[in-house]
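Notebook open, model loaded. I want to go from the whole chain down to a few residues and write down what I find.

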Amino acid sequence: MKNPFPTQVCQDVVYVNDVRELKGVKGLSNKRLCIIKTDFKDINKIKKVCKSYPDLEIWLACKKISRDNIMAANMCGIKNIVQYPLKDEVLEEIFGDDIKKNFALKLSRNEKNKYKAIRGLKVMIVDDNPLNTELLQETLADLGLKLFVFQKPKEAAKIVEVEKMDLFLLDIMMPEMSGFELAEIIQKTKLNANVPIIFISALSDREHKVKSFDLGSCAYIEKPFDVKVVQSQIYSLLKSHNDIEKLSRSKDSYLAMVIHDMKGPVQAELGALKLMTSLYGDNMNDDQKEILTDVINSTKYLQNLVANILEKYKGDNGKVVITKSLNSFKKLVCDCCDEVKYIAFEKNLLINVSYKTHIDNIYFDYDEIKRVVHNILTNGIKYSFKNEKIKVVVTNASDNLIFSVTNRGVGLDINKVGNVFDKFTTYCEEQKSVNAGLGLYISKQIIDAHGGTINFESIQNETTTVTFTLPVNLQG
């Protein structure tokens with residue numbers, strides 16, 4: 001093969017088509033880099049060269065880069081294998097600024113304007129080879145991103161717990177932790193669980209590509225890569241993810257605005273009901289007084305609900321602050337059933353409560369758990385067929401109180417219920433309803449904060465059961 005290097009910058013770099021050609025190279029120990037073309041049948045000869053020149057950086061060039069080849073190279077102390085024939089990006093990695101002018105890699109003014117949409121976003125690069133991280137930094141330099149670069153994945157793993165990123169670029173084969181292991185750690189964090197991941201690796205086999213996508217990777221980029229293509233891939237992915245994040249934040253802002261605007265009307269309604277009680281209470285019969293009292297209690301609950309949502313669900317951190325105290329769970333269930341009985345009456349639904357446990361007084365946040373029970377009951381009523389029963393059952397098992405609500409109604413296809421507890425998840429089209437998709441999401445946050453579990457089971461056009469558990473022996 002013809003020497004691929006520009007003559008003006010190749011004095012300290014050696015390229016050979018066969019390891020045996022190194023015998024004729026003078027001053028090899030003084031060279032910066034040696035690239036050997038190989039089919040890996042001569043790996044033992046290459047290993048001898050590595051031992052003879054321990055301070056010489058050696059790369060291997062081959063047509064097919066496989067996991068076995070990489071492992072064989074690593075056994076010799078060689079970390080970098082490049083694709084043969086050598087591409088422009090490999091030359092840039094070797095020669096840096098001296099060769100970049102020839103490739104015209106700098107972005108045009110129009111391209112820079114294009115990347116305004118992702119300027120300032122955070123990207124983490126993790127690769128144990130400094131040459132690879134430097135190349136990625138050069139590739140992304142003109143995109144206006146904030147880069148976090150690590151050669152040690154364990155150090156990166158600490159940062160992902162405390163710093164929110166917008167994209168991860170991970171190598172796969174790293175000595176102390178693989179890119180796949182790091183990806184699993186990232187996906188278990190609260191801050192970065194849903195942040196996109198791209199694997200950039202010299203591994204080209206199907207097995208690693210499939211595993212990367214099984215882990216939720218958005219792309220798999222093979223080394224050596226085309227700089228322009230990688231820039232476009234990263235721009236497209238970041239822009240799409242950023243647009244989705246902005247939409248989610250807009251929904252949160254809209255929700256907060258709507259709830260805030262509800263405060264006035266709810267306050268006015270409660271005032272009007274109290275005035276009605278004071279003016280006309282003496283002239284009402286017992287049934288009328290009971291109905292008016294129930295409406296006032298429901299309005300007070302709505303007022304408290306609005307205040308608490310504004311206080312506890314601001315932002316997008318998904319955290320719930322609870323205050324536990326000793327309360328009667330049986331009383332809570334009775335209160336909630338009384339508050340929804342008029343909604344049930346409109347569909348001629350009977351709420352049947354079976355309290356099948358001796359456990360009653362336990363530690364929990366009364367207002368928050370009442371919110372969960374109220375939401376589950378109203379959903380059960382809303383999506384029930386008319387003239388049916390809503391079954392409420394309270395039992396206990398393994399130091400847990402178990403609460404469940406079952407209704408017969410439209411339900412959901414079992415294949416679609418996996419994400420019912422996600423924020424803004426709605427099934428309006430299937431259930432022909434209007435809702436924000438926050439009730440079950442908030443319920444799960446509350447139950448999780450109590451150390452319990454919540455589960456949703458449904459058979460379309462038959463029964464739906466929502467169940468949650470609460471530990472009975474935890475005070476804190």
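Below are my entries, starting with the ground rules.

**Ground rules**

I am working on a predicted model, where local features need pLDDT of at least 70, side-chain atom pairs count only at pLDDT 80 or more, and totals for chains, interfaces and linings use all residues. Residues are numbered from 1 along each chain as its sequence is written, and side-chain values use heavy atoms, with hydrogens and water left out.

**Whole chain**

I looked up the secondary structure and got 16 helices and 16 strands. Helices here are DSSP runs of H or I with at least four residues, strands are runs of E with at least two, and both are numbered from the N terminus.

Next was burial: 45% of the 476 residues count as buried.

The chain exposes about 25,500 Å², and carbon and sulfur atoms supply 50% of that. The areas are Shrake-Rupley with a 1.4 Å probe, and for residues only the protein chains shown count as cover.

I also checked contacts (heavy atoms within 4.5 Å). Taking those with a separation of 6 or more, 65% are between residues 24 or more positions apart.

**Helix α8**

I went through α8 (residues 179-187) and noted its buried residues: Gly179, Phe180, Leu182, Ala183 and Ile186. Looking down the axis of α8, I see them fall within an arc of 160°, so they line one face of the helix. The arc is taken over the directions from the helix axis to the C-beta atoms.

**Ser201**

I have Ser201 down as buried, at 1% relative accessibility. Its side chain reaches the backbone nitrogen of Leu203 at 3.0 Å. I call that a polar contact: a pair of N or O atoms within 3.5 Å, where within protein one must be able to donate a hydrogen and the other to accept it, and residues adjacent in sequence count only if both atoms are side-chain atoms. Leaving aside neighbours within four places in sequence, Ser201 is in contact with Asp171, Ile172, Tyr220, Ile221, Glu222 and Lys223.

**Thr464**

Thr464 is in strand β16 (residues 463-471). Is Thr464 buried or exposed? I get buried, with a relative accessible area of 9%. Its side chain makes a polar contact of 2.9 Å with that of Ser458. Beyond four places in sequence, Thr464 touches Val405, Thr406, Asn407, Gly411, Phe456, Glu457 and Ser458. I also noted Gly380: it is 84 residues from Thr464 along the chain, yet their C-alpha atoms are separated by 7.9 Å.

**Salt bridges**

Side chains of opposite charge can pair when their charged atoms come close. My criterion is a side-chain nitrogen of Lys or Arg within 4 Å of a carboxyl oxygen of Asp or Glu. The whole-structure search gave me 10 salt bridges.

Glu290 pairs with Lys341, with the closest N and O atoms 3.4 Å apart. That pair links distant parts of the chain, with Glu290 in helix α11 (residues 286-312) and Lys341 in helix α13 (residues 341-346), 51 residues apart.

Asp294 forms a salt bridge with Lys341 too, again with closest N and O atoms 3.4 Å apart. Here the two residues are 47 apart, and this pair also links α11 to α13. On accessibility, I wrote down Glu290 as partly exposed at 40%, Lys341 as partly exposed at 28%, and Asp294 as buried at 16%.

Last pair: Asp448 and Lys444 meet at 2.7 Å, N to O. Why are they separated by about one helical turn? They sit 4 residues apart in helix α16 (residues 439-449). Both are partly exposed, Asp448 with a relative accessible area of 38% and Lys444 with 27%.

Methods: Buried < 20%, exposed > 50% of the residue type's maximum accessible area, 1.4 Å probe, protein only.
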